[in-house]
Amino acid sequence: MGSFALLAFCLWLFPELPGRVIIEGAMLCLICPTATAAAVVTGKLGGSAANLTTYTILINLFTALAVPVCVPMVHPHPDFSFTNSFGLILSKVFPLLFCPFLAALFVRYSIPPFHRIVLRCKDLAFYLWAVALAIAIGVTARSIVHSDVSIAYQVEIAAISLVCCALHFWLGKRIGAHYRDDISAGQALGQKNTVFAIWMGYTFMTPVTSIAGGFYSIWHNLYNSYQLYRKRKEEAED
């Protein structure tokens, strides 16, 4: 959040700063909240899915508060007051976070037999994540294909999103190591809700910056695939 606010302040002070689109792309990658599917990958890697779920809810709500405060410094718009922006973001966050949570509570306490059946399906959440991942990749490909940005700009945006992705995973694991939960912390900071980032780019920033979220999706999913491969290899060797 601090780095996002600092970049927003820089663009506010220097609106004609060269590479403005690149900076806005970095801002999107930095403020984008944790993906709801991060708990699934965390559980597969041996981390604490419960801790990650709590963090995901909190960081998404925090993002809904932080974006309306900082974005007007970069892109002032009369139609986007704090209340309107907060409500707009919350309308995107609520269905992804609270509806599944409320549905799970409803099934657990109202339909116990069905709840027990779901619990017996050990890898159900993983396969649902795979479906969500396919949809996210489709959204990512569409945002990149339909972009009219030059190849040079796309390469620069791809590079800055890669730097942000690597920094998030590294920083998360370093912080988590102090609490003996580097897996959960790494996923909490590194695995982002990139579809939400693409939407924020179209809605609040220069539309071209939305492809930063698309490229970030590629990087964090490549790293997650590597982590899952390494975890399976370690289990096979034991």
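The dialogue below reads helix packing and a cavity in a predicted model.

Reader: What should I know about the model before I start?

Author: Local features need pLDDT of at least 70 and side-chain atom pairs count only at pLDDT 80 or more, while totals for chains, interfaces and linings use all residues. Residues are numbered from 1 along each chain as its sequence is written, and side-chain values use heavy atoms, with hydrogens and water left out.

Reader: How are two packed helices described?

Author: By the angle between their axes and the distance between the axes. Helices here are DSSP runs (H or I, at least four residues), numbered from the N terminus. Axes are lines fitted to C-alpha atoms over the stretch in contact, and angles run from 0 to 180 degrees between N-to-C directions.

Reader: At what angle do helix 10 and helix 11 cross?

Author: The axes of helix 10 (residues 194-204) and helix 11 (residues 210-237) cross at roughly 165 degrees and come within 7 Å. On the helix 10 side the contact (heavy atoms within 4.5 Å) includes T194, A197 and Y202, and on the helix 11 side it includes S210, Y216 and H220. By class, four of the contact residues are nonpolar, seven are polar and none is charged (Ala, Val, Leu, Ile, Met, Phe, Trp, Tyr, Cys and Pro count as nonpolar, Asp, Glu, Lys and Arg as charged, and the others, Gly among them, as polar).

Reader: How does helix 8 lie against helix 11?

Author: The axes of helix 8 (residues 151-177) and helix 11 come within 8 Å and cross at roughly 45 degrees. Helix 8 and helix 11 are therefore oblique to each other. This crossing, too, is right-handed. Among the residues in contact are Q154, C164 and K173 of helix 8 and W219, Y223 and Q227 of helix 11. The contact has 12 nonpolar, six polar and one charged residues.

Reader: Where is empty space left inside a protein?

Author: Rolling a probe the size of a water molecule over the atoms shows that. A cavity is a set of points, on a 1 Å grid over the protein atoms alone, where a 1.4 Å probe fits but cannot get out; lining residues have an atom within 4 Å of a point. This structure holds one cavity of 30 Å³ or more.

Reader: Which helix gives the most to the lining of the largest cavity?

Author: Helix 10, with three residues. Helix 2 (20-31) and helix 4 (49-74) also each supply at least two. The lining includes F4, L28, V67 and M200, and its residues divide into eight nonpolar, one polar and no charged.

Conventions
1 Å grid on protein atoms, 1.4 Å probe; cavity = no way out; pocket = protein on both sides within 12 Å on 5 of 7 lines; lining within 4 Å. Points joined across faces, edges and corners; volume = space filled by probe spheres on them. Parallel < 35°, antiparallel > 145°, perpendicular 65-115°, else oblique. Left-handed = near helix turned anticlockwise from the far one by under 90°.
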